[in-house]
Amino acid sequence: MEEAARKIKVTKTTKSRLAEVDFNNLVFGKKYADHMLVADFDGKEWKNAEILPFQHLSVSPSNAAWHYGQAIFEGIKAYNDQEGRPMIFRPYDNYARFNKSAERMGMPEVPEWLFIGGMAMLIDLDRDWVPSNEGCSLYLRPFMIAADEFIGVRPSDTYKFAIINSPSGPYFNKPIHLLVQDKYVRAFPGGVGYAKAAGNYGGAMYPTMQARKQGYDQILWVDGHEYKWLQECGTMNVFVIIGNRALTPDLTNGTILAGVTRASVMTVLEEMGFEVEERPVSIEEVVAAHQNGTLREVFGTGTAASVAYVEQLDYKDHKISLDTTQYEVGAEVIARLDAIRTGKVPDDKGWNYRI
């Protein structure tokens, strides 16, 4: 953080908007904190790093990001501990994934002083924006876009990096309904499914719109060869609890985002005594477990969603209804994660970055 303080200029707002926010009724991604961080890559180095009042960015219509999709982002959360001090949950894991996404999209690496140090400075400045209400957090959105004003098809030479903050409530405020998609495909091996690239989400919009018209909240994506191997939900990784086993699709073919919450949940489940199996999981296995009575729970995990209970999972003619009021595993996972993220228990894993 010392290097960040030397390299990042700070311009504070002259009028805070904090009083405009009802912290008892937070909606995910609607309000933004007083400040943001921006920096420019000039083709050789990162420069012009500054924390300044939240404002619009000025971007040319010929900006390469609009035309060719060089855009990546991360989702991170900060919580207050029991003494009201902000802590960021596992930011170094997101930092590593951000640069992995950057590499895949032909973009420059962001240095630690800018990503971690700059984020810490930003939260320190906006610490009053970190909610203390149960289930709420300060959602952090680091992102990078191409900045060349050129519409030739090639990687951009210049880039813009920024971090914005949003005090947010739960992403899902009720158990969700999932449709197993057997027509459209999110990712193939060799593609960019493992990267947190904007295009992954853009490509999922139309199928998700169609699913929502049918009453579903999200799509559970499967592979594009056999249309049976579970991938993820687009906004979440997925876990299936069958007996004393916790199943989640493996990352080996590069079609699934390596979720930070996913990794945290795997650790917590192991501590709870579950056999965590990170491997290919077919929808037929889930259907069979439901039919023989061994399917206990299905839930999604992600930074925005945290742990989201699945109440309905539909695949072709199979309708899997689950009583989420009886979810003991998911409830224990949520309780243990919340205790770590808010400092109710000692952080013996080193997951929290204290401001």
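Analyst: The notes below treat the pockets and then a strand with its partners.
Analyst: This is a predicted model, in which local features need pLDDT of at least 70, side-chain atom pairs count only at pLDDT 80 or more, and totals for chains, interfaces and linings use all residues. Residues are numbered from 1 along each chain as its sequence is written, and side-chain values use heavy atoms, with hydrogens and water left out.

User: How much space lies in the largest pocket?
Analyst: About 920 Å³. A pocket is an open set of points on a 1 Å grid over the protein atoms alone, where a 1.4 Å probe fits, with protein on both sides within 12 Å along at least five of seven lines; lining residues have an atom within 4 Å of a point. The volume is the space filled by probe spheres set on the points, which are joined across faces, edges and corners.

User: Which residues lie nearest its centre?
Analyst: Of the 43 lining residues, Phe73, Tyr139, Arg141, Lys196 and Tyr201 lie nearest the centre of the largest pocket. Strand β7 provides the largest share of the lining, five residues. Strands are DSSP runs of E, at least two residues long, and helices are runs of H or I of at least four, numbered from the N terminus.

User: Why does the largest pocket lie between domain 1 and domain 2?
Analyst: Domain 1 (1-170) and domain 2 (176-342) both give residues to its lining, so the largest pocket lies between them. The domain bounds come from an automatic or database domain assignment.

User: What classes of residue make up that lining?
Analyst: The lining of the largest pocket has 22 nonpolar, 15 polar and six charged residues. Ala, Val, Leu, Ile, Met, Phe, Trp, Tyr, Cys and Pro count as nonpolar, Asp, Glu, Lys and Arg as charged, and the others, Gly among them, as polar.

User: And the second largest pocket: how much space lies there?
Analyst: About 700 Å³. Its lining contains 13 nonpolar, 10 polar and seven charged residues, and β15 gives the most, four residues.

User: Changing topic, is strand β2 mostly covered or exposed?
Analyst: Mostly covered: six of the seven residues of β2 (35-41) are buried, that is, under 20% relative accessible area with a 1.4 Å probe, protein chains only.

User: Which strands run antiparallel to β2?
Analyst: β3 (residues 46-53) pairs with β2 over six bridges, and β8 (residues 159-168) is joined to β2 by five. Pairing requires at least two DSSP bridges between two strands.

User: What stands opposite Phe41?
Analyst: Trp46 in β3, and Tyr159 in β8.

Note on methods: Buried means under 20% relative accessible area, exposed over 50%, partly exposed in between (1.4 Å probe, protein chains only).
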